[in-house]
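Hi there,

Here is the structure I promised to pass on to you.

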Amino acid sequence: MSGRTLVVDFDGTVTKTDLLDTIASRFGDPVVYREVDEGLDEGRLSLREVITREFRPVRKPLAEVVDWELENVELRPGFDELVELARERGWRVVIVSSGFHELIEPILEREGLDVEVHANRVDPRPDGWVVDWRYDESCESCGESCKRSIARRFANGGEIVYIGDGYSDRCAAEAADGVFATRGLARYLEERGVPFEPFEDFHEVAERLRDGGFARRASG
Ligand SMILES: [Mg+2]
Ligand SMILES: [Zn+2]
């Protein structure tokens, strides 16, 4: 029997709020941020274009932004419990993020969490941050450079339980064997009639996975 992999989004899922949004609007150009965000909502821009464009006006040194996030970013409760449960059960846990290793790893270190991460990278140039995008060119399902194939690669033929909150999670969540969703992802899946488990914190997720009281579905 092949194993189970928990694929977890980072921004707004592991963390309480979306760090990328906050950094791009706070340290970048709020006008550019609003423009590209509208572009995403209206389907004119891909997520890759949005993230690349909204970080170009960010000129703060990486160390200052990391200091800021270490002071301000809180995790959604219970993530350590979920990681511990996965360790006991032999499930793989991987964070799959459209954000950057450079911003994610300091937070995991602060929390003493040792979890695999697949994310983009950023070159924090003084004249503006340049995103180094690390996802496949275009997904055969959604046509965007999305998380679906990476999630599959990590699961290596095993079962995927996807946990997420937003736009970047849509395509991978639709292809998973089971989904825990909150906020925008939950609204999206609901509209499309895709089954999912709602959640507020990781204690609930761990509890439902521990008891096996979680509905699997055939992957699409
Ligand atoms: Mg998110
Ligand atoms: Zn896709």
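Val161 has Gly178 as its bridge partner in S6, and Leu6 has Val161 as its bridge partner in S5. Before I go on, a word on the source: this is a predicted model, in which local features need pLDDT of at least 70 and side-chain atom pairs count only at pLDDT 80 or more, while totals for chains, interfaces and linings use all residues. Residues are numbered from 1 along each chain as its sequence is written, and chains are lettered from A and ligands numbered from 1 in the order in which they are written.

Back to the strands. S5 and S6 pair in the parallel sense, over 4 bridges (two strands pair if DSSP finds at least two bridges between them). Strand S1 (residues 4–8) also runs parallel to S5, joined by 5 bridges. Strand S6 (residues 178–181) and S7 are parallel too, with 2 bridges; there, Phe180 has Glu197 in S7 as its bridge partner. Helices (H or I, at least four residues) and strands (E, at least two) are DSSP runs, numbered from the N terminus.

Glu116 lies in strand S3 (residues 116–125). Glu116 is exposed, with 11 other C-beta atoms within 10 Å. Leaving aside neighbours within four places in sequence, Glu116 is in contact with Val93, Val94 and Ile95 (contact means C-beta atoms, placed from the backbone, within 7 Å).

Now the helices. The axes of H3 (residues 30–41) and H4 (residues 47–55) come within 9 Å and cross at roughly 180° (axes are lines fitted to C-alpha atoms, for helices over the stretch in contact, and angles run from 0 to 180 degrees between N-to-C directions). That makes H3 roughly antiparallel to H4 (angles over 145 degrees; under 35 is roughly parallel, 65 to 115 roughly perpendicular and the rest oblique).

Best wishes

How values were computed. A residue is buried if 20 or more other C-beta atoms lie within 10 Å of its own, exposed if 12 or fewer, and partly exposed in between; C-beta atoms are placed from the backbone. Two residues are in contact if their C-beta atoms, placed from the backbone, lie within 7 Å.
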